[in-house]
Amino acid sequence: MGYTLCVIGCGTMGIAIISGVIDSLQSKDRARSFPKWESHTPGTSTPAVDIESDPSLPSYFIACVTREESARKLGHTFAALGGFGSQVQILVSENVQAAQHADVIILCCKPQQVSSILTEAGMADALEGKLVISILAGVTISQLTALVSPSTKVVRAMPNTPCRIREGMTVVSNLPQSSHADLDRTTILNIFSSIGRCRFLDEKHFDACTALSGSGPAFACIFLEAMADGGVMMGLPRAEALELASQTLQGAARMALQPGAHPAQIKDSVTTPGGCTIAGLLAMEDGKVRSTIARAIQVATERASELGQPSTKK
């Protein structure tokens, strides 16, 4: 059987994570029921994935909230997923009980609540030897490990807003050394790959990741809005201008993610001598767009580094 996944503080991001994992599991289940033939090797099929026997895939889910109203809403949300969704157990103010029955625990609460949650009577024992994944901005691994027993494996994860539509980017801190490190790594990848891309990095990079991928959607939307505004200024209807700008950025991003691709290469392939693209690029260079964006990442990183520090205000 698979493991039990628990989300403590199951708000917007917690819902996105559980929903993404459930959808991924159900997609695997459908693929097992209807084998997909490999196009590049006629006569062979994709090996079926046995969800129930794979220890890196969850088979049971627990969602923890603090209010009955939130629990009711979660019940409707998960029931709409069908299959595993109707089996999600929703607990109200019973974090310790949930942790006792779980194998992997994701902390999705507010950063200021984590201390009271982890120091609740019985929580340290409930988390012994288990994998705890924190998505709390600004709360370091050292701060978390000080609140749990030494046997608890603690990692940080930084998912971003597009995880809600399963197009997110999640950065996960490197795992502590243990006999189960490979299984833990696969488990984490299965969770966060279901809501987008996942990458492991040292914790020292997390402030920059918070700025780049965490705040990045806001920065990208400023650029997107500016492109659409330019289209409107030149006579395009607002809705069409926004659609063109959005799809253009999405397409360019997907091209940049292709193996061997680079943004400069894509830019140069569009830029013809004496054309409209080079004229627009030079206008942006005059406005210092490139350095302004880079400085925004720098400033946001510096601010991120302050979030987990004690307040100095008196």
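## Getting oriented

Helices and strands here are runs assigned by DSSP, with a helix needing at least four residues and a strand at least two, and they are numbered from the N terminus. Counted that way, the protein chain has 13 helices and eight strands. Keep in mind that what you're looking at is a predicted model.

The chain holds 314 residues, and buried ones make up 35% of them. Its accessible surface comes to about 18,000 Å², with 57% of that belonging to carbon and sulfur atoms. Then there's the question of who touches whom: among contacts between residues at least 6 apart in sequence, 66% join residues at least 24 apart.

## The sheet

Let's turn to the strands. Strands of a sheet pair through backbone hydrogen bonds, and they can do so either parallel or antiparallel. In this model, an open sheet of eight strands shows mixed pairing, in the order β3-β2-β1-β4-β5-β6-β7-β8. At the edges sit β3 (89-92) and β8 (196-201), each of which pairs on one side only. Direction ignored, neighbouring strands of this sheet are turned by 25 degrees against each other on average.

Strand β5 (residues 131-134) runs parallel to β6, and the two are paired over four bridges; here Leu131 stands opposite Lys153 of β6. Next, β6 and β7 run antiparallel and are joined by two bridges, with Met158 having Val171 in β7 as its bridge partner. Finally, β7 (residues 168-173) runs parallel to β8, and six bridges join them.

## A strand wrapped up on both sides

Six of its six residues are buried, so β6 is largely enclosed by the rest of the structure. Which residues of β6 sit on each side? Lys153, Val155 and Ala157 are on one face, Val154, Arg156 and Met158 are on the other, and both faces are covered.

Is Ser149 buried or exposed? Buried means under 20% relative accessible area, and Ser149 has 12%, so it counts as buried. Leaving out residues up to four places away in sequence, Ser149 touches Ala124 and Glu128.

## Charged pairs

Side chains of opposite charge can pair when their charged atoms come close. The model has ten salt bridges in its count. One of them is between Lys153 and Asp184, whose closest N and O atoms are 3.1 Å apart. Lys153 belongs to strand β6 and Asp184 to helix α7 (residues 181-192), so this pair links parts of the chain 31 residues apart. Both Lys153 and Asp184 are buried.

Arg156 and Glu203 also meet in a salt bridge, at 3.1 Å from N to O. Since Arg156 is in strand β6 and Glu203 is in the loop between β8 and α8, the pair ties together parts that are 47 residues apart in sequence. Arg156 is buried, at 5% relative accessibility, whereas Glu203 is partly exposed at 26%.

For another setting, check Arg290 and Glu285, which form a salt bridge with an N to O distance of 3.1 Å. Arg290 is exposed, with a relative accessible area of 56%, and Glu285 is partly exposed at 41%. There's also a network: salt bridges that share partners join Arg67, Glu69 and Lys73.

## A nonpolar patch outside

Last stop, the surface. Phe223, Met227, Met284 and Ile293 form a nonpolar patch there, with about 310 Å² of accessible area together. Where is Phe223? This residue lies in helix α9 (residues 216-233). With a relative accessible area of 31%, Phe223 counts as partly exposed.

How values were computed: Residues are numbered from 1 along each chain as its sequence is written. This is a predicted model: local features need pLDDT of at least 70, side-chain atom pairs count only at pLDDT 80 or more; totals for chains, interfaces and linings use all residues. Side-chain values use heavy atoms; hydrogens and water are left out. Two strands pair if DSSP finds at least two bridges between them. Axes are lines fitted to C-alpha atoms, for helices over the stretch in contact, and angles run from 0 to 180 degrees between N-to-C directions. Buried means under 20% relative accessible area, exposed over 50%, partly exposed in between (1.4 Å probe, protein chains only). Contact means heavy atoms within 4.5 Å. Patches are made of residues with over 30% relative accessible area and no salt bridge: like charges are joined within 9 Å, nonpolar side chains (Val, Leu, Ile, Met, Phe, Trp, Tyr) within 5 Å. Accessible areas come from the Shrake-Rupley method with a 1.4 Å probe; for residues, only the protein chains shown count as cover. A salt bridge is a side-chain nitrogen of Lys or Arg within 4 Å of a carboxyl oxygen of Asp or Glu.
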